[in-house]
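Thanks for coming. I will go through one structure, beginning with a pair of rings and ending with the cavities.

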Amino acid sequence: MKKEQKGPPNIRELLGFKEPPDRGGKKPIFKKTHFTIWYFVIAFIIILLVQNYFVSKGAEDVIPYSEFKTALREGRIKELTITVETISGEWMTDKGIRKFQTVRVEDPDLVKELESKKVRYTGKIDSKWLTNILSWIIPLIFFILIWRFLFSRIGPETSVMSFGKSRAKIFAEKDKKVTFADVAGIDEAKEELKEVVEFLKNPAKFQRLGAKIPKGVLLVGTPGTGKTLLAKAVAGEANVPFFSISGSNFVEMFVGVGAARVRDLFAQAQNHAPCIIFIDELDALGKARGVNPVGRHDEQEQTLNQLLAEMDGFDPNAGVIIMAATNRPEILDPALLRPGRFDRHVLVDRPDIVGREEILKIHTRNIKLSPEVDLKVIASRTPGFVGADLANIVNEAALLAARKNKEAVEMDDIEEAIDRVVAGLEKKRRVMSKKEKEIVAFHESGHAIVATSLPGADPVRRISIIPRGISALGYTLQLPTEDRYLMTRSELLDRLAVLLGGRVAEEIVFGEISTGAHNDLQRATDIATSMVKEFGMSETLGYVTFEKEKKPLFLPSSLISSKEYSEETARKIDEEVKRIIDQTYQRTKELLLSKKDKLEELARLLLEKEVVEEADLKKILHPPEPIKE
C-alpha cells in the first residue's frame, strides 16, 4: 500500500492549532490548543521590525561616517541636517540624488569643511516621544492582546475577574436528549417529579387555584441510582433550560467567591425562566453549620447562607425549580430541609428485579445481543445492583465479547462480567501451592454445602477456587431467588452458619484453621452483634435495642461515646454475641460431619475443574435415584 506523502506544515500547524476532523461540509471549528513557543518567536520578530522601521526614519542609504567624509571631500554632499546623534541629508551617487543617514562622530573640523565646500546644513533637536510611543507602547499592546488570547483559550474560569461567575453548565432545550423514557427502575420517583414537569409546562393550572409549586426538590439515594439522570429527564420533559453544577464548584480558597457564584447562578436562572437549577453533590455545599469542633470554614458557611437567602428571596411562581442530589442527607444543614426551601424529598432507591430488567433493556438498546440472552435471568442474578452497576456489566460484557472476536454478546460474557464486578478480576496466573489450593477448595466447599443444606440460605450459583480481586483466593456465589426486605431470626442464623462453614470445614478435614476465614468471621460478628443490639433477637436481653440512630460524622456528640448503657449490660451483650456464634458453630460442625463424604467429593471436583456450577453441585448433594428395572 502506498504511503501517503505529507507536505510541509502550514502556519496553523506551526502555531499549535489542530484541524478537527471533517464535519460533513460544515465550517470547521478549531479546538482550543495549548501554548507554544511560536507565540513568543513571532511576537519578538514583529517588535524588532517595528523598532527598526521607526528608528531608521525612512532613510534610503545608511552609510559609515568615513564614507560620508569621503563624499564631502569629493563635493557630492548637497545638504545636511545635523542632530545630536545622526547626520542625514542628500548626496550624489551613481543612481542619482539619494537620501542617506550616518551616525554623528565627534569631529571639530566638520563645520569648516562644510563651509569650504559650501554645503547647506541645518541643526535639529530630535523629539523622541513619538518614536518611544510607536516602538514600545504598540508592542506592549501587542503583548496584552496575546496574553488575553492565551487566557481565553485556557478557559474563562482562569480570569481574575471571573471568580465570582457561576460555573454552571447550561443545557438549552435543543441540547437535552434525556426524557423519562431513558429512566427505568424508579417509577415512584418519576411519578413524584411529573408534577414538577406539569408546573413548568402549564403553570397557570396551579396558579389559578393559588397553589405554589415546591421551591426545591431533593433527590436522595445511594450512588449510581440515577439521581442526575432523573433531573436531566425532568428538564428534557419540560423542555426548559437546565443549569447543572456540582456543590464543590461553589467553594474556593478566596472568601466571598462562593457567595458571589450563588448570586450569579440565580441571576442567570431568573433571566432564563422557566428553567431548572440542578446542584449535584449538595452535601459538599450544604453541610450543617457549626458542626466541626476542630476548626471553621467561613467561606463554606457564607456560601450556604447565600444559598439559603436566594432560595427565600425569589418568587416561587417565577418558574425556577431548584433540584439537588445527595447520598448523605444526614449531614445536610436543617435549614436547607425545612419547608420553603427543599420542600419535597424524593427517594431514588435501588431497583427491584422488574426495575433491573427495564434498566437492562435501556442499556442494551445499542448492544448486539445473542438470541439466547435472557435479560430477566440477568436481572434475577444481580440483586442489589443499581443502574450504574448494570450499565457497567453490559459494557464489560460487550468488551469481553469483542476481545474474543464474537459476532454478538452471549450469556457467558454477561455472567463473566457479573463475576468481575462482584468478585474482581480473575487471576489465573497466581501461583498457589498444592496445600493452599486444597485448603481453599475445602473452605469453599464448606460454604456451599451448608448454604445448600439450610432452608433459610440463598442458593449457590457457582463455586470457584480461582483467585479474584485483591485478596480473594476463592468465592462461593450465592444469589437470592427474589428481592428481600425483611429477614427472620432463623434466616439470620442460617446466614451465620454459611459464613462459618468454611472455617468449620478446614477444622474437620485438616485439624487446624487458617487465616482465610478472616472476612467471614468479621461479617458473622457483625450479624450477631446487630441481632443483639439492633433487632432485639436475644432471649437473655429481651426486646431491647442498644444501637442509637447513626448520627452525622463530625457532630460534637459523636466525639462522646454514644453508649447509653452500663458496663454490666455491655458485658452481657458481648457474652450474648459470643453465645450465638458458638451455638451456630456447633450446629454447622454437626451438619458438615454428617456430610463429610459430600464435602470431600465436592472439594476434589473443585481441585480438578476449579469452577463448579450449580448443576454439578446438585448432582453431588442430590444424586439421581437409579432407575429400577
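**Ring pairs and cavities**

Y65 and F68 are both buried, where buried means under 20% relative accessible area, exposed over 50%, and partly exposed in between, with a 1.4 Å probe and protein chains only. Before going on: this is a predicted model, in which local features need pLDDT of at least 70 and side-chain atom pairs count only at pLDDT 80 or more, while totals for chains, interfaces and linings use all residues. Residues are numbered from 1 along each chain as its sequence is written, and side-chain values use heavy atoms, with hydrogens and water left out.

Back to the pair. Both Y65 and F68 sit in helix α3 (residues 65–73), three residues apart, or about one turn of the helix. Helices here are DSSP runs of H or I with at least four residues, strands are runs of E with at least two, and both are numbered from the N terminus.

How is the second pair, F442 and F510, arranged? Their ring centres are 5.5 Å apart and their planes stand at 90°, so this pair is edge-to-face. For the terms: rings of Phe, Tyr and Trp (its six-membered ring) pair if their centres lie within 6.5 Å, and planes under 30 degrees apart count as stacked, over 60 as edge-to-face and the rest as tilted. F442 belongs to helix α16 (residues 434–453) and F510 to helix α17 (residues 489–510), so the pair ties together parts that are 68 residues apart in sequence. F442 is buried, at 2% relative accessible area, whereas F510 is partly exposed at 23%.

The structure holds five aromatic pairs. Ring pairs also join Y65, F68, W91 and F100 into a cluster.

Now the cavities. A cavity is a set of points, on a 1 Å grid over the protein atoms alone, where a 1.4 Å probe fits but cannot get out, and lining residues have an atom within 4 Å of a point. The largest cavity holds about 50 Å³ of space, a volume being the space filled by probe spheres set on the points, which are joined across faces, edges and corners. Its lining consists of R381, E415, I418, D419, R461, R462, L477 and L479. Helix α15 (411–423) and strand β12 (460–464) each supply at least two of the lining residues, and α15 gives the most, with three.

For the whole protein, there are 22 helices and 14 strands, and buried residues make up 41% of the 629 residues.

Methods
1 Å grid on protein atoms, 1.4 Å probe; cavity = no way out; pocket = protein on both sides within 12 Å on 5 of 7 lines; lining within 4 Å.
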